[in-house]
Amino acid sequence: MSVSGRSQQRLRQRAAHSDVSAFEHEESQDDEHAGDVYQSPRNRHQIEQILETHRGSAIVVGTLTALAFALRFYKINHPDQVVFDEVHFGKFASYYILRQYYFDVHPPFAKLLFGLAGWFVGFDGHFQFENIGDNYTTNHVPFVGMRALPAILGSLTVPVVYAIMKESGYSTVIAAFSASLILFDNAHIAQSRLILLDATLIFFMSLTIYSYIRFRKLRYLEFSSEWWTWLIATGVFMACTWGSKVNGILTVITIGIAVVIDLWDILDIKKGHSMEHFGRHFAARAFGLIFVPFVIYLSFFYIHFSILTQSGPGDTFMSPAFQETLAGNEMLLNSHEIRYYDTVTMRHKDTKVFLHSHPDKYPLKYDDGRISSQGQQVTGYGHNDTNNYWQIIPTKALPETGRGRIVRNEDTIQLLHVNTGTHLLTHDVASPLMPTNQEFTTWSSDDYSRHNDTLFTLHLIDSHDGEAWKSKSGHFRLVHVPTKVSMWTHTQQLPEWAFKQQEINGNKNPVEKTATWYVDEIVSDGTGEDFKNRTADIPNKEPKQMFFLKKFAELQILMMQHNAGLTASHPYASSPINWPFLLSGISFWTEADPQKQIYLIGNIFGWWACVVALSIYVGILGADLIARRRAMDPIPDPVRNRLWNNTGFFFLVWVVHYIPFFLMSRQLFIHHYLPSHLASAMIAGAVLNFVLSDTINFPISIRGPTTRARPSQYADIGIKGPVIVVIFSIFLFAMFSYMAPLTYGTPGLTGEQVNSKRLLSSWTLHFAAKKTAEIV
């Protein structure tokens, strides 16, 4: 039938249904309105009929899965050295086994799995993954068992992608096409063979997509047991995705947007639903997609805290109250109450410099022409020194003995610099490096004319009124009484006249979080009585308790702050605009003697095909919008609805997992694009189906008791579909095989071979041969 004939038939069909009320309340599968061509499945090509049987589909997905396992487990024991971020995530697994507390910007779920895998294969946790290239074999580390976990999850991602496409109504050939884009992708394989988080993230992200599609297909059987099962499964897998890596939150946002669109559709009065009906749907989704995922996400941290009960390298990131919950922590063991007339050393929490002073004066005039007070310099010094000694002087009457001599929160104090006999002072004079901040200096203790300028209020962090000030754990801000500035420092060094020490100044924000200090050591007290007993180490001190949600909130804030703070340059960092085109990769590992290397880069044939498919998809939607604006109807309703609803959901996944990276200032790498690449592979399958077939398989949603039946329609991609997919897969496999030495790190390559693998000039491969010009 010609195109014009089909158009006329479609117009005639629509005219025949024009008398149906726009406000018809009978429930129907309105996302899959009546199509134009209804077929018998027997009219399709014989090969397609065979592939669409359960047995044919099972053979295809079984073959894809077997190949996925073969490609990801091939030479998984090479290299037997620490590779790229295994220095972090392998180390975190060892901390779980040793139960030592650590800090990381990512949630703990995937790392807990690595710890479990390590424990299961007999890893004792004592190998610390210190450097890339450290040898596993010589240190007797069962690394293959730990690498097997992401390899299994990465392999299972391939059949999940296949299942997503099948559940979305696409044929076996189209589902195999999308799955092959992941199956033969060098980047996905490289990430899945190492102790890294991305394989876990992508696996659970794909399960989230699969579960949500299954849930949506049951919308006409709302509130049935199966409907609830897939709703809650979506929430569970979404929590696992979120708990695997910090950018798993993008999957949560994706499902959130889809649910809002879904609820907005239910709210439409044309659907004939009451507000009570809408409320039930809202409550069900709130339970399954907010409450359940949040509880599971919380449980990951509960297990995390329950295991990590010993002091470890992550202690110093946490608050003093948190640190005192860890057995063996220095704050727990060596924290002592501070009394008036104690001589102490104080350190800045972030930069770790000591509060320091020396007899040298500020110069009369700074380089910018400003005038100083020419007072005694107060600086931050990085080393232990007697010029770091300060005595705490009371500003109130004290008892001769007893606990009344303890310094407490909100007390007003003076600080006496022991070596020079001067009191710490700040005043309304600009500091040397920051004209907006106040200068810190000292004033003779014998001169009372500026007594008020030497008064400071002690504000203990997260403490109640009257709480005792303690060494190590008593983090505090020192706020000047007259001017309300906080004693503060920063990393910029003073000039030679201050021996390039760190500037101390007065920050005009009295609650500045970075103006936090702590007493590092009590050097002596004012009387000498019972000093040794008072400050002696206290062995076997029981860890304190802290409410779980308070620990959780503290860690979440730190994770967000430190993730945003990863802004340092990296030789293999790249811009998001480069990722879909594979303009750059990451060097994971090198070995000089045999000239071996692992370079993370995708299958350029597959990735560029996905870019083309994305462009075609956007073009199709744009053309359809323009045509409909001009009262033309080029695409049948079922095909259009599949493009907008199902493929549109894949496009939403791609957008949400990609566009936010353009707004981030932190370090970014090509592996951040892998979730979006998976979505683009599914879009590519949908676009191929659109190109090959005028029709689609529908209805695919499960019919409800009040749903109007619709005649079935079947996609027919004929013999050309399998032929195109097979040829495309051959090209994919050929490109994968060609780049395999960079994916597996073996065999070693000569300089000329390295140059041949460098398909784009922007790729920075090691051991490339230098090109020399021939001299005539």
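## Aromatic pairs

At 37% relative accessibility, Phe294 counts as partly exposed (buried means under 20% relative accessible area, exposed over 50%, partly exposed in between; 1.4 Å probe, protein chains only). Phe552 is buried, at 10%. Phe294 and Phe552 form an edge-to-face aromatic pair, 6.3 Å centre to centre with 80° between the planes. Rings of Phe, Tyr and Trp (its six-membered ring) pair if their centres lie within 6.5 Å; planes under 30 degrees apart count as stacked, over 60 as edge-to-face and the rest as tilted. The pair links distant parts of the chain, with Phe294 in helix H12 (residues 275-307) and Phe552 in helix H16, 258 residues apart. Helices (H or I, at least four residues) and strands (E, at least two) are DSSP runs, numbered from the N terminus.

The whole structure holds 58 aromatic pairs. One of them joins Phe184 and Phe733 edge-to-face, at 5.6 Å centre to centre and 70° between the planes. Phe184 lies in the loop between helix H7 (172-183) and H8, and Phe733 in helix H20 (residues 720-744), so the pair ties together parts 549 residues apart in sequence. Phe184 is buried, at 8% relative accessible area. Phe733 is partly exposed, at 41%.

## Model and numbering

This is a predicted model: local features need pLDDT of at least 70, side-chain atom pairs count only at pLDDT 80 or more, and totals for chains, interfaces and linings use all residues. Residues are numbered from 1 along each chain as its sequence is written, and side-chain values use heavy atoms, with hydrogens and water left out.

## Ring cluster and lysine

Ring pairs link a cluster that includes Tyr101, Trp242, Phe294, Phe305, Phe322 and Phe552. Lys551 lies over the face of Phe305, 4.9 Å from the ring centre. The charged end of Lys551 also sits over the ring of Phe322, 5.1 Å from its centre. The criterion is NZ of Lys or CZ of Arg within 6 Å of the ring centre and within 35 degrees of the ring normal.

## Second largest pocket

The second largest pocket has 45 lining residues; Met318, Ser319, Pro320, Lys349 and His475 lie nearest its centre. A pocket is an open set of points on a 1 Å grid over the protein atoms alone, with protein on both sides within 12 Å along at least five of seven lines; lining residues have an atom within 4 Å of a point. Helix H16 gives the largest share of this lining, 7 residues.

Methods:
1 Å grid on protein atoms, 1.4 Å probe; cavity = no way out; pocket = protein on both sides within 12 Å on 5 of 7 lines; lining within 4 Å.
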